[in-house]
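Subject: A structure for you to look at

Hi there,

Here is the structure I promised to pass on to you. Please open it and have a look around before you read my notes.

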Amino acid sequence: MILMILINFIGWILYYMGYQYGWLIIITQFAVVPLYYLFFGLWQRDYLLAGTAVPFFVIHTINGIMNFAVKR
């Protein structure tokens, strides 16, 4: 969980420093957020949270891909 938070903070730092590359944004700002909730749910044995984190991961990451990786 701590690693997911650190990756997210590093992603925001890089973003504001001007490193605004599609896949970097997707990984550091879209994918790690639901992974944090997944790992937290597994750690706390809260399987409802862990289960809802999976579709959250899929939807959130697809949203990032559609907005930052797919060229229109």
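This is a predicted model: local features need pLDDT of at least 70, side-chain atom pairs count only at pLDDT 80 or more; totals for chains, interfaces and linings use all residues.

Let's start with helix 1 and helix 2. Helix 1 covers residues 2-16 and helix 2 covers residues 22-43, and their axes lie 8 Å apart at an angle of about 155°. Angles over 145 degrees count as roughly antiparallel, and helix 1 and helix 2 are therefore roughly antiparallel to each other. Their crossing is left-handed.

Which residues of helix 1 and helix 2 meet? On the helix 1 side you will find, among them, Met-4, Ile-5, Gly-11 and Trp-12, and on the helix 2 side the residues include Leu-24, Val-32, Tyr-36 and Phe-39. Sorted by class, this contact of helix 1 with helix 2 has 13 nonpolar residues, four polar ones and no charged ones.

Next, helix 2 and helix 3. Here the axes come within 7 Å and cross at roughly 175°. That makes helix 2 roughly antiparallel to helix 3. The contact of helix 2 with helix 3 has 21 nonpolar and seven polar residues, with no charged residues.

Now for the aromatic rings. The structure holds nine aromatic pairs. One of them is Trp-12 with Tyr-16: the ring centres are 5.8 Å apart and the planes are at 25°, so the pair is stacked. Trp-12 and Tyr-16 are four residues apart in helix 1, which means that about one helical turn separates them. Are these two residues buried or exposed? Trp-12 counts as partly exposed because its relative accessibility is 36%, while Tyr-16, at 66%, counts as exposed.

Another pair is Tyr-37 with Phe-56. Their ring centres are 6.2 Å apart and their planes are at 55°, so this pair is tilted. Tyr-37 lies in helix 2 and Phe-56 in helix 3 (residues 47-68), so the pair ties together parts that are 19 residues apart in sequence. Tyr-37 is partly exposed, with a relative accessible area of 38%, and Phe-56 is partly exposed too, with 31%.

Happy exploring, and do write back with any questions!

Best wishes

Terms used. Residues are numbered from 1 along each chain as its sequence is written. Side-chain values use heavy atoms; hydrogens and water are left out. Axes are lines fitted to C-alpha atoms, for helices over the stretch in contact, and angles run from 0 to 180 degrees between N-to-C directions. Helices (H or I, at least four residues) and strands (E, at least two) are DSSP runs, numbered from the N terminus. Angles under 35 degrees count as roughly parallel, over 145 as roughly antiparallel, 65 to 115 as roughly perpendicular and the rest as oblique. A crossing is left-handed if the near helix is turned anticlockwise from the far one by less than a right angle, and right-handed if clockwise. Contact means heavy atoms within 4.5 Å. Ala, Val, Leu, Ile, Met, Phe, Trp, Tyr, Cys and Pro count as nonpolar, Asp, Glu, Lys and Arg as charged, and the others, Gly among them, as polar. Rings of Phe, Tyr and Trp (its six-membered ring) pair if their centres lie within 6.5 Å; planes under 30 degrees apart count as stacked, over 60 as edge-to-face and the rest as tilted. Buried means under 20% relative accessible area, exposed over 50%, partly exposed in between (1.4 Å probe, protein chains only).
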